[in-house]
Amino acid sequence: MTQDDNQGAQAPQEPPRRGSMRFQDSSTQARQPSLAEQRARQQALAEQQRQEALAAEAARAAEKKSSTKKKLLIGTGVTVGLVGLVATFYTVAKPENVTAVCTTKDGIVDQDDNCDERYVTSHGGYHSGGFFFIPIGGGGYNSYRYNYGGTGTIGQRVSGGSYTAPSNANVSTKSGKTVQRGGFGISGKSGSGGSGKSGGS
C-alpha cells in the first residue's frame, strides 16, 4: 500500500525560469545593417536633405518678398511725401484773394477812388504810410485808408478785416481794381491805377 502511494505521488514542478539578458562586451562586433535598412536610411537622409533645401528656399523667398515690400513701402512713402510737398507748395504759392474797402479815418466805408493814388494826386492830395490825404476847403485834409477783408457799404462802419495788408494775397476792390498782386509775398502796383502795398495805420 505504501508502494502504491509512492508511485502515485508526483515530483514537485520547478518554477518557470524568467528570461535572461546577455550583455555585449567591447569585443562584440555590431551587426551589419541589412540591405533594406541601408535603403531606408538613405531614403531618410535624402528626405531630410530635401526638406532642408525646401526650407532654405522658402526662407530666401520670404526674405526677397520682405525686401521687395520694404522697397515698395519706401517708394510709396517717398511718392506720398513728394505729392504732399508739391501740394503744400501750390497751397503756399497760390495767393489768397482778399477784397479791400476804402474807409475814412473813423472806419466808415467810402468810395474806392479816395484810396486810389492816381485819383488822390490828381485832386491835389498825397499818399503816405498807407494813408491817402485829399484836401478839403479851409486848408485841411480828409484821410482814407484800405481795410483788407472787411465788409460794408458806403456810409456804414466797416465790419471785420484788418488795416494791415496781407502778404502773399491778391488784393482788389469790389469794383475790380487791383490793389496788390500776391505770389510769395511780392506786391506791386497794378496797371489799373491801384496803389502798391498800402497797409498799416
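This report walks through the strands, core, disulfide and aromatic contacts of a predicted model.

Local features are described where pLDDT is at least 70 and side-chain atom pairs where it is 80 or more, while totals for chains, interfaces and linings use all residues. Residues are numbered from 1 along each chain as its sequence is written, and side-chain values use heavy atoms, with hydrogens and water left out.

**Strands around β4**

Strands here are DSSP runs of E with at least two residues, and helices are runs of H or I with at least four, numbered from the N terminus. Six of the eight residues in β4 are buried, where buried means under 20% relative accessible area, exposed means over 50%, and partly exposed lies in between (1.4 Å probe, protein chains only).

Strands are said to pair if DSSP finds at least two bridges between them. β1 and β4 run antiparallel and are joined by five bridges; Thr104 has Tyr144 of β4 as its bridge partner. β3 and β4 are also antiparallel, with four bridges, and Ile134 is bridged to Asn142 in β4. Five residues separate β3 from β4 in a hairpin, and Gly138 in its turn has a positive phi of about 95 degrees.

**The core and the disulfide**

The largest nonpolar core has 14 residues. Such a core is a set of buried Ala, Val, Leu, Ile, Met, Phe, Trp, Tyr and Cys residues joined through side-chain atoms within 4.5 Å. The members that touch the most others are Ala100, Cys115, Phe132, Tyr144, Tyr146, Tyr148 and Val171.

The link is right-handed, with 80 degrees about the S-S bond. Cys102 lies in strand β1 and Cys115 in the loop between β1 and α3 (117–122), 13 residues apart. Both cysteines are buried.

**Aromatic contacts**

The structure holds five aromatic pairs. Rings of Phe, Tyr and Trp (its six-membered ring) pair if their centres lie within 6.5 Å; planes under 30 degrees apart count as stacked, over 60 as edge-to-face and the rest as tilted. Two of these pairs are set out below.

| Pair | Centre to centre | Between planes | Type |
|---|---|---|---|
| Tyr126 and Tyr141 | 5.6 Å | 75 degrees | edge-to-face |
| Phe132 and Tyr146 | 6.1 Å | 85 degrees | edge-to-face |

Tyr126 is in strand β2 (residues 126–128) and Tyr141 in strand β4, so their pair ties together parts that are 15 residues apart in sequence. Tyr126 is partly exposed at 38% relative accessible area, and Tyr141 is partly exposed at 41%. Phe132 of β3 and Tyr146 of β4 tie together parts that are 14 residues apart. Here Phe132 is buried at 0%, and Tyr146 is buried at 1%. Ring pairs also link Tyr126, Phe131, Phe133 and Tyr141 into a cluster.

Asn168 sits in the loop between β4 and β5. This non-glycine residue has a positive phi, near 50 degrees, and is buried at 18% relative accessibility. Ala169 is in strand β5 and is buried, with a relative accessible area of 0%. Ala169 and Thr99 are 70 residues apart in sequence, yet their C-alpha atoms are 9.8 Å apart in space.

Methods:
A disulfide is a pair of cysteine sulfur atoms within 2.5 Å.
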